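Trainee: Hi! I have a chain open on my screen and I'd like to get to know it. Can we walk through it together?

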Amino acid sequence: VHHPPEPFRIKIVEPIKLLDRDAREAAIRRANYNLFSLRAEDIFIDLFTDSGTSAMSQTQWAAMFEGDEAYAGARSYFRLAEVIGDIFGFSYFLPTHQGRAAENILSACLVKPGQYVPSNIHFDTGYANIRDQGGHPVNLVIDEAHNPTLYHLFKGNMDIQKLRDFIKQTGSDQIPFGMITITNNAGGGQPVSMENLRAVSQTYKEFGIPFFIDACRFAENAYFIKLREPGYADKTPLEISREMFALADGITMSAKKDGIVNIGGFIAMNDKTLFEQASNELLIREGFPTYGGLAGRDLDAMAVGLREVLQEEYLAYRLGQTAYLAERLRELGIPIIEPPGAHAVYVDAGQLLPHIPQEQFPGQSLSVELYLEGGIRAVEIGSLGFAHPDPQTGQMVHPKLELLRLALPRRVYTQSHLDYVAETLSKTAARREQIPGYRLIYAAKLMRQFTAQLEPI
Ligand code: F0G
């Protein structure tokens with residue numbers, strides 16, 4: 001299969017180094033077997049996240065020099081407002097320092113204790129922000145999403161029948177807003193089709209429920225629609241994006257993904273009352289509404305990044321790179337979620353390590369071994385991050401899949417880096433029987449994966 005070469009060349013380089021095996025063992029022990037606690041300099045290839053880790057272009061760096069650091073009404077704000085208006089089309093927006101700040105503000109404004117917020121699958125930060133207000137996040141993705149080998153073009157779609165049933169059963173007065181995540185990160189980075197977005201939008205509208213999109217990877221989702229959905233082949237990613245967002249009442253956005261910046265985010269909406277309420281929340285938590293916790297130069301970098309991410313050559317390279325890694329892993333017999341998404345390849349750790357039960361975190365085991373084998377950092381998306389107590393019974397509910405995510409920062413690693421990753425994972429899998437499970441020795445109540453301490457069993 002042909003994958004397009006990088007539509008850029010390298011102008012600034014950042015050296016990386018592979019520690020020897022003894023040093024890697026010492027480092028992971030010091031980190032209590034949690035890769036969040038490693039020092040970044042102890043890592044050779046960092047596929048922990050595609051969030052805030054991407055390489056900015058020369059145009060973005062140049063734009064930063066023009067950043068206007070005025071406290072209020074800076075030129076940077078108006079430049080960003082123009083871009084956001086053009087792509088997303090909502091009446092109002094507020095910059096935030098990152099995505100979870102936007103989620104926090106939305107939940108603080110709208111969620112009352114005991115209420116429910118449906119989505120395909122909430123990402124952990126949105127999930128935690130809803131729970132933090134006493135609400136219940138609910139995941140209503142199509143059943144196909146839980147079958148890792150089943151090929152489905154839009155595995156991030158929401159199950160419309162489940163959504164309708166859920167709303168009728170719960171009562172729309174108990175649902176302050178509904179969401180959908182594009183692409184569906186916690187479900188394998190899978191896209192949502194325009195047809196499904198339309199149906200979700202109509203359903204929420206029918207019941208008078210405001211509809212918000214978690215839009216972190218909107219450009220990648222738009223490009224999947226272009227490639228896979230009938231009627232979109234001749235539309236540009238920008239046109240497709242506009243069509244997606246015209247269906248919603250607002251979005252939360254982490255620009256650390258498809259804004260191609262190292263920090264930044266925003267919330268946008270059409271409702272004036274919500275905007276006023278959100279502005280007040282923003283003033284308490286983030287800053288004045290024209291900068292929202294960011295420097296003027298950050299707003300300028302975001303304005304340029306949001307344009308660059310919609311370029312077709314970029315998106316073709318981006319999706320091609322992920323597809324290349326997936327092909328290599330497939331050839332080497334590593335089980336992955338099919339088809340791969342755009343920002344990451346998800347290894348099915350549960351299937352690779354069947355001797356490790358879910359309570360012993362097979363995804364975490366694999367992440368530790370991959371670091372030990374070749375200095376690669378990836379992230380567990382499984383029971384460590386997503387198991388939660390059932391609100392009624394208090395019993396631990398485990399996620400359906402135990403995954404290890406290899407996320408690709410944008411414009412950062414080359415094809416030979418990806419070859420190294422595939423070969424290292426293959427060596428790790430070759431000695432799978434010797435890989436131990438883990439137990440927790442420390443866990444926080446919410447988002448425990450970030451600070452958990454573990455030990456091998
Ligand atoms: N929504 C989705 C779908 C995300 O993937 C993330 C972040 C957020 C919201 C929160 O954004 O980090 O700017 O506050 N995901 C990162 C990841 C952390 O690694 O997938 P943030």
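Trainee: Let me start with one residue. Where is the place of Glu402?

Mentor: Glu402 sits in the loop between strand E13 (396-397) and E14. Keep in mind that this is a predicted model.

Trainee: Does Glu402 count as buried or exposed, and why?

Mentor: Glu402 has 30 C-beta neighbours inside 10 Å, so it counts as buried. The cut-off for buried is 20 or more.

Trainee: Which residues is Glu402 in contact with, leaving aside its neighbours within four places in sequence?

Mentor: The contacts of Glu402 are Ala349, Gly350, Gln358, Pro362, Gly363, Gly382 and Ser383, once those sequence neighbours are left aside.

Trainee: I also clicked on Thr59. How many residues apart are Glu402 and Thr59 in sequence, and what separates them in space?

Mentor: Glu402 and Thr59 are 343 residues apart in sequence, and their C-alpha atoms are 40 Å apart in space.

Trainee: Back to E14, then. Which sheet is that strand in?

Mentor: E14 belongs to an open sheet of 3 strands, ordered E9-E14-E11, with antiparallel pairing. E9 and strand E11 (379-381) each have a single partner strand and stand at the edges, so one side of each has no neighbour in the sheet. From one strand to the next, the twist averages 35°.

Trainee: How many bridges join E9 to E14?

Mentor: There are 5 bridges between E9 and strand E14 (residues 403-407), and the two run antiparallel. To find the pair on screen, look for Val347, which stands opposite Leu404 in E14.

Trainee: Which helix packs on that sheet?

Mentor: Helix H14 (residues 362-374) does, touching E9, E11 and E14. The direction of H14 makes about 170° with that of E11.

Trainee: Let's look at another sheet. What is the order of the strands in the open sheet of 5?

Mentor: The order is E2-E8-E7-E6-E5, and the pairing is mixed. Strand E2 (92-96) and strand E5 (178-181) are at the edges with a single partner strand each, so each has one side left without a neighbour in the sheet. Here the twist averages 15° from one strand to the next.

Trainee: And inside that sheet, how do E7 and E8 run?

Mentor: Strand E7 (residues 250-254) and strand E8 (residues 265-269) run antiparallel, joined by 5 bridges. Gly250 stands opposite Met269 in E8.

Trainee: Okay, zooming out. Which domains does the assignment give?

Mentor: Domain 1 covers 21-50 + 311-456, and domain 2 covers 58-308. Their centres, taken over C-alpha atoms, are 25 Å apart. The contact takes 25 residues from domain 1 and 22 residues from domain 2.

Trainee: Which elements supply the domain 1 side of that contact?

Mentor: Helix H12 (312-331), strand E9 (344-348) and helix H15 (383-386) each supply at least two residues there. The largest share, 5 residues, comes from H12. By class, that side of domain 1 has 14 nonpolar, 4 polar and 7 charged residues.

Trainee: Last one: how many helices and strands does the protein chain have?

Mentor: The chain has 16 helices and 16 strands. Its radius of gyration is 21 Å, close to the 23 Å that the globule rule gives for 457 residues, so the chain is as compact as a globular protein of that length. Buried residues make up 50% of the 457 residues.

Methods:
Residues numbered from 1 in each chain as written. Predicted model: local features only at pLDDT ≥ 70, side-chain atom pairs only at ≥ 80, totals over all residues. Domains from an automatic or database assignment. Contact = placed C-beta atoms within 7 Å. Helix = DSSP H or I, 4+ residues; strand = E, 2+ residues; numbered from the N terminus. Nonpolar A, V, L, I, M, F, W, Y, C, P; charged D, E, K, R; others polar. Rg over C-alpha atoms; globule rule 2.2 N^0.38 Å. Buried ≥ 20, exposed ≤ 12 C-beta atoms within 10 Å, placed from the backbone. Pairing = 2+ DSSP bridges. Axes fitted to C-alpha atoms, helices over the stretch in contact; angles between N-to-C directions.
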